[in-house]
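Me: Hey, I'm new to this one. Can you walk me through the structure?

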Amino acid sequence: MEAQTFAGLLRQAGDKAHNFAYRLAGNEQDARDLVQEAFARALEHAGSYDPSRAFDSWLLRILHNIFLDGARRLAYRRTVSLDAPTPVSDSSWEDILPARDLSATDELIRRESIDMVQLALERLPPHYKAAIVLCDIEGLAYDDIARIMDVPVGTGRSRILQGRVLARKAYEELERSGGRRQ
């Protein structure tokens, strides 16, 4: 393929490549860097392009691979700026970074919180407690909860909502009282 024709294909695919890079990277500078690297690799490997296939798809595949390579390298780094955008769109750094082990203090706080949630649940009328446990702890669907509780689906949903409100109030009261039973 002639260099002039190939350069024309790059120009035509430029906007599409930039939009894709921006969606992947989440910021303008990294998007430009990705596009620049993709164009450089495309020029370097122009001989491997099959003209019977869509040029845009071939270029975007190169761009995607560059992005993935960068994300893999980022995963091996020990330090990461949490102000920087994540390498995966629609994800937070908390989703990407490995969880750290809890210290003894953190574990104690977590355990006390769980105990206070249980105490708050104990303060609820049984039908609200059951609805919350089935939904939020057991993860059952509304239809299943309604069948188990022998109520219409709307009633089950209402009990879940009202139970959450009452549980939150009970939890806040426990926090104010230092977690003591009253």
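Reply: Residues 24 or more positions apart account for 55% of the protein's contacts with a separation of 6 or more. This is a predicted model, where local features need pLDDT of at least 70, side-chain atom pairs count only at pLDDT 80 or more, and totals for chains, interfaces and linings use all residues. Numbering runs from 1 along each chain as its sequence is written, and side-chain values use heavy atoms, with hydrogens and water left out.

Me: What does the protein average for pLDDT?
Reply: The average is 79, and 74% of the residues score at least 70. pLDDT is the predictor's confidence in each residue, from 0 to 100.

Me: Which element has the lowest mean, and which the highest?
Reply: Helix 4 (residues 93-96) is lowest at 64, and helix 8 (residues 153-176) is highest at 93.

Me: How many helices and strands are there?
Reply: There are 8 helices and 0 strands. Helices (H or I, at least four residues) and strands (E, at least two) are DSSP runs, numbered from the N terminus.

Me: Switching topic, which residues are buried in helix 2?
Reply: A31, L34, V35, A38 and A42. Buried means under 20% relative accessible area, exposed over 50%, partly exposed in between (1.4 Å probe, protein chains only).

Me: Where do they sit around helix 2?
Reply: On the same side, because they cover an arc of only 95 degrees around the axis; the arc is that of the directions from the helix axis to the C-beta atoms.

Me: And what's exposed on the other side?
Reply: Q36, L43 and E44 are exposed there.

Definitions and conventions
Contact means heavy atoms within 4.5 Å.
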